[in-house]
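Trainee: I am new to this one and would like to learn how to read it. Could you show it to me and take my questions one by one?

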Amino acid sequence: MVKLTGLKKIKTAVFISGTGSNLKNLIRFSKIKNSPISIDLIFSNTVKAKGLIFSNQFNIKKYISSFKDSKITEAKILSLLNKENINFICLAGFMKILSKSFIKKFSGKIINIHPSLLPKYKGLDTHIKAIQNKDKVAGCTVHFVSAKLDSGKIILQKEVKISEKDTPTSLAEKVLRQEHKLYPAAIKKIFS
Ligand code: GAR
């Protein structure tokens, strides 16, 4: 893993597909003096990602490309990351699966936030599954990305209580609030 050297922040790209509340939160975190990272690139696989507004708002470069031809898209991303000297990737609501070869090239330098207490509920619809199964707790996990989906080494997790009144939507909101604390904490943990 890259270690923080001197006062230089680690140049980071954030990959998104949607609203980008985690992206916005990470940008805010990156601007704190003691933050180990700076955010220098936003990648989205869709122009529809609302989070792309933060590119203009915070003057951060963006690159958008669908994964229709994933090989070409990944090659282009890799060349951009090289060009911009980006050494770390945060997936934040990124809904495409990166290839094994891409992950290998950035081995130990890609992390993801997932809205469940992994290894429980990998993949989609985590909140629906937790409520259907009458779970008492849900939560979120930040983990290293490995070739197997949602299975890399766990960095940090946070539990969230499920109340009887919770719906998948209310639970998603509760978990998301915790994600916004957990993601910066996990990054601090990696680089401390
Ligand atoms: C977050 O809840 C994140 O954990 C989840 O998508 C949401 C994105 O919200 N990620 C996944 O499900 C990845 N498998 P955001 O766009 O507001 O950050």
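Trainee: How far is an oxygen atom of the ligand from an N or O atom in the side chain of Ser 21?

Mentor: Good place to begin, though this is a predicted model, where local features need pLDDT of at least 70, side-chain atom pairs count only at pLDDT 80 or more, and totals for chains, interfaces and linings use all residues. Residues are numbered from 1 along each chain as its sequence is written, and side-chain values use heavy atoms, with hydrogens and water left out. A polar contact is a pair of N or O atoms within 3.5 Å. For Ser 21 and the ligand oxygen, the distance is 2.6 Å.

Trainee: Which residue has a side-chain N or O atom 2.8 Å from an oxygen atom of the ligand?

Mentor: Thr 19 uses a backbone N or O atom instead, 3.4 Å from a ligand oxygen. The side chain at 2.8 Å belongs to Glu 179.

Trainee: How do the residues of the shell around the ligand divide?

Mentor: The surrounding residues include Gly 93, Met 95, His 114 and Leu 176 (near means a heavy atom within 4 Å). Ala, Val, Leu, Ile, Met, Phe, Trp, Tyr, Cys and Pro count as nonpolar, Asp, Glu, Lys and Arg as charged, and the others, Gly among them, as polar. On that basis the shell has four nonpolar, six polar and one charged.

Trainee: Are the rings of Phe 15 and Phe 102 stacked or tilted?

Mentor: Rings of Phe, Tyr and Trp (its six-membered ring) pair if their centres lie within 6.5 Å; planes under 30 degrees apart count as stacked, over 60 as edge-to-face and the rest as tilted. The whole structure has 10 aromatic pairs. In this one, the centres are 6.4 Å apart and the planes at 55 degrees, so the pair is tilted.

Trainee: Which peptide bond is cis, with omega near 15 degrees?

Mentor: Most peptide bonds are trans. The cis one runs from Leu 118 to Pro 119.

Definitions and conventions. Polar contact = N/O pair within 3.5 Å; in protein donor to acceptor, adjacent residues only side chain to side chain.
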